[in-house]
Amino acid sequence: MAEDIISSEARGEDSALHVDGMFKNWFLDYASYVILERAVPAIEDGLKPVQRRILHALNEMDDGRYNKVANVIGQSMQYHPHGDASIGDALVNMGQKELLFDCQGNWGDVRTGDSAAAPRYIEVRLSKFAKEVAFNSQTTQWQLSYDGRKKEPVTLPMKFPLLLAHGAEGIAVGLSTKILPHNFIELCEASINHLEGKRFRLLPDFPTGGFIDVSEYNKGERSGRVKVRARMEVVDKKTIAIKEIPFGTTTGSLIESILKAQDKGKIKLKRVSDNTAKDVEILIELLPGTDADVTIDALYAFTDCQYSISPNACVIVADKPVFTTVDEILRLSTERTKELLGKELEIRQAELNEKWHFSSLEKIFIEKRIYRNIEEAETWEAVIQTIDKGLKPYKKLFRREVTQDDIVRLTEIKIKRISKFDSFKADEEIKGVEKELKQVAHDLKHLNDYTIAYFQNLLKKYGKGRERKTEVKGFEEIEVKQVAATNAKLYVNYAEGFLGTGLKKDEFVCECSDLDDIIAFTRSGKMMVTRIGDKKFVGKDIIHVAVWKKSDERTAYNMSYVDGASKRTYVKRFNVTGVTRDKEYDLAQGTAGTKILYFTANQNSESEIVKVQLHPNTTARIKEFEFDFGTMDIKGRNSIGNILTKFPVRKIELLEKGKSSIGGIKLWIDEKFGRLVTEEKDKTKYLGEFNTGDQVLVAYKDGNIELTNFEVTNKYEMEDILNIEKFDPKKVYTAVYYDGDSKNFYVKRFNIELKTEKHKTAVVTEHNNSKLNVFSSRPEVWVKFNATKGKNKDKVEEEMKVNDMIEVKGWKALGNRLTQFDNVSKIAEVVKLPKEVDMGTTIELEVNPKAKKKGSQGDLF
């Protein structure tokens, strides 16, 4: 090597080029090896090489009994050119999936993250399912092991979409793969649907349960994404229980993420305890006054109780990595299963033909006593010729040519078998072979139906107990700032112009989150929005500080200022919906000497009536007057405003707070997610326009009712709710309910006198089986139901107006029985639309005379 380098230098050649070439080749070889032999599974059997070698080693060792995992690792090392650690980890990982292995001992727990016991303490054998779907030496392609001593399969003849059932994850050189696990039953059903030419949809299913949002799954491609969530329950007002954890987390890692969020002040909790045993149970105790629903949203927003997974379906196809979809993987796997089943049928057909051939040959050889002709033959060749000559008259009966090997087999028949030969039994055996041959030929001709039956058999034998564990549902977007805990306190130094959480000696403003933005206004007419911090300067002589919400169109600012140049006083109303952080905005005209005389922030755009006092030395005739901000439109922050007066103003003070200029806030209930929303969407129900003090009334199927505020952070379990609407204390509510004690249905009408929010109160009897069937605030309530009447129990469908059945009583009254009929069922409210107005009817409308203008030629309706 040294001589080569010296000679190349003597010739003036650059020896580094040679090293570059070697590096390039070596790197490509290494990258290819990692991709093909380590990280990415093959499409044929869904296995990585180490997994395939473990299965092959277990199959070789299989005698029906358990094997020490340490022995299995040693056996696998004959085929796998890497250390025992990688084999052991892969083996435990496969065992925890509870599909191919029958395990014994402590194999760890994917929920808690507990590791398995040492290999010498745990045992394993192949499951019945693995033996049925993964092995067949006759259809397996073989190759030499890495050292040439053993034979190992190139791929196993896998007759099941194992890759999708197990899932896969691996990082190679320049690429990676991440295929999420899917449900066993759904995979079999999808394969059947594919074979039947029907559409199918595959969605991930995880052993840890929980929830999954698959709206962006995109069939498992690189651009896809799924969101996974823990399943949480509100035990009581002070406790939340996590019953199932998201895939990819453990109880330990989940608790750690919760404690980190608590340390950062994102959520406020009293205690977190792990009571996991047979089932997952993480108990979260809340601080007094903490809302459980808001805390659940905060856990989803700030901890691993919810996170996203990006799938990346990459498999080896024809010795090359290919990015594909889970649907395509299932199609390829199903077609390969069909192909393998066809090969097995062809092999079985050949075996049966061979069996029929020799059984027929043996029958003729014995029944026609051809064996006696060989008594006089003196040589082996003479024996063969004698038998061949004896069979010659019958050769046309056979399905293939009689070979010398066939004749040799005949000579090996023992005398004992010839003497006890049963012709009838031989005929029955041949008929059985012919029957099976006919069935195999039928299956080959109808291979598609045979494959469908194969998957149906897998479902029947192994599908029990493998139902879906992860619930598929859409996740609503959680506004992080709305659920963040108030983990900071805002202080302000009005004179010096500083604000922040560190100014504890200055004036307290409010509690807030460290995610909040703060808006500040100064006497000189300047405004700034900044992220909360320890100490920030926003401008001297601050007049107002508050938490700012982006796109807030309901908060309106009423302002009056004197312009420094013209000395005129202006008034304006505006809102601040969008800004650039830390940028100073001028709310006036930007002239020196400008000063704000009056300023208020109104969260519901309330108008105000103010008293304006002019300077006593002014020449104005009227030195005191009132002004109503409600006469002005709410505009943007850049508007100059209207002139209030050209005379100097002494002071402006509030006389009266007016009503909201924009009305209440319109709310809908999202029936899919159980959230209050401010705009109409798909699957939303309009609740009404809400003002300060208004409440939401919730009627539950179990017979309880509840009042809540209209905060958009509220969450309602829609599957438990019968009706939800805006509460009106003046309305009469009608309820039809089932009394579990008397086993009859009752109707009652009442006013609701609840005052306490988020406190459930029953409007049905206390029996456990009592439940609410109809709850309505309509003036006229009609219900329909099925029942039986008379001695003959005739089935009837009744419809009645329940308003006429009972007067308005107290809400705790029992009410009147709905009907005397028996077997009442299928009770439902019938919405009766108002009768259409006859077009020939004259309707008198009263016109407000103040609405008419001079010169109008009539009223347009």
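1. An open sheet of 3 strands is ordered β34-β33-β35, and its pairing is antiparallel. The edge positions are taken by β34 (675-677) and β35 (684-690); each has a single partner strand, so one side of each is left without a neighbour in the sheet. On average, neighbouring strands of this sheet are turned by 30 degrees against each other, direction ignored. The model is a predicted one, and this applies to every point below.

2. Within that sheet, strand β33 (residues 665-670) is joined to β35 by 6 bridges, and the two run antiparallel.

3. Another antiparallel pair is formed by strand β10 (residues 231-236) and strand β11 (residues 239-244), over 5 bridges. A hairpin of 2 residues joins β10 to β11. D236 has T239 of β11 as its bridge partner.

4. The largest nonpolar core has 65 residues, and those with the most contacts inside it are L55, L91, F101, F129, F160 and L458. Helix α8 (residues 184-195) gives the largest share of this core, 7 residues. Leaving aside neighbours within four places in sequence, L55 is in contact with L47, M94, L100, F101, L126, F135 and L156. A second, separate core of 24 residues includes I240, A292, Y300 and F302. In soluble globular proteins, nonpolar side chains tend to be buried together.

5. Helix α8 also packs on helix α16 (residues 447-462), at an angle of about 165 degrees and with the axes 9 Å apart. Angles over 145 degrees count as roughly antiparallel, so α8 is roughly antiparallel to α16. Their crossing is left-handed. From α8, the contact is made by F184, I185, C188, E189, S191, I192 and L195. The α16 side of the contact consists of N448, T451, I452, F455, Q456, L458, L459 and Y462. L458 is also among the residues with the most contacts inside the largest nonpolar core.

6. Helix α3 (residues 49-61) and helix α4 (residues 69-76) have axes that come within 9 Å and cross at roughly 110 degrees. The two helices are therefore roughly perpendicular to each other, and the crossing of α3 and α4 is right-handed. R53, I54, A57, L58, E60 and M61 of α3 make the contact with N71, V72, Q75 and S76 of α4.

7. N604 is found in the loop between β28 (595-602) and β29 (606-614). Its relative accessibility is 12%, so N604 counts as buried, the limit being under 20%. Apart from neighbours within four places in sequence, N604 is in contact with R554, S660, S661, I662, G663 and N691.

8. S660 lies in strand β32 (residues 649-660). With a relative accessible area of 22%, S660 is partly exposed. Leaving aside neighbours within four places in sequence, S660 is in contact with R554, N604, S605 and E606. S660 and N773 are 113 residues apart in sequence, and their C-alpha atoms are 39 Å apart in space.

Conventions. Residues numbered from 1 in each chain as written. Predicted model: local features only at pLDDT ≥ 70, side-chain atom pairs only at ≥ 80, totals over all residues. Heavy atoms only, no water. Pairing = 2+ DSSP bridges. Helix = DSSP H or I, 4+ residues; strand = E, 2+ residues; numbered from the N terminus. Axes fitted to C-alpha atoms, helices over the stretch in contact; angles between N-to-C directions. Buried < 20%, exposed > 50% of the residue type's maximum accessible area, 1.4 Å probe, protein only. Contact = heavy atoms within 4.5 Å. Core = buried A, V, L, I, M, F, W, Y, C linked by side-chain atoms within 4.5 Å. Parallel < 35°, antiparallel > 145°, perpendicular 65-115°, else oblique. Left-handed = near helix turned anticlockwise from the far one by under 90°.
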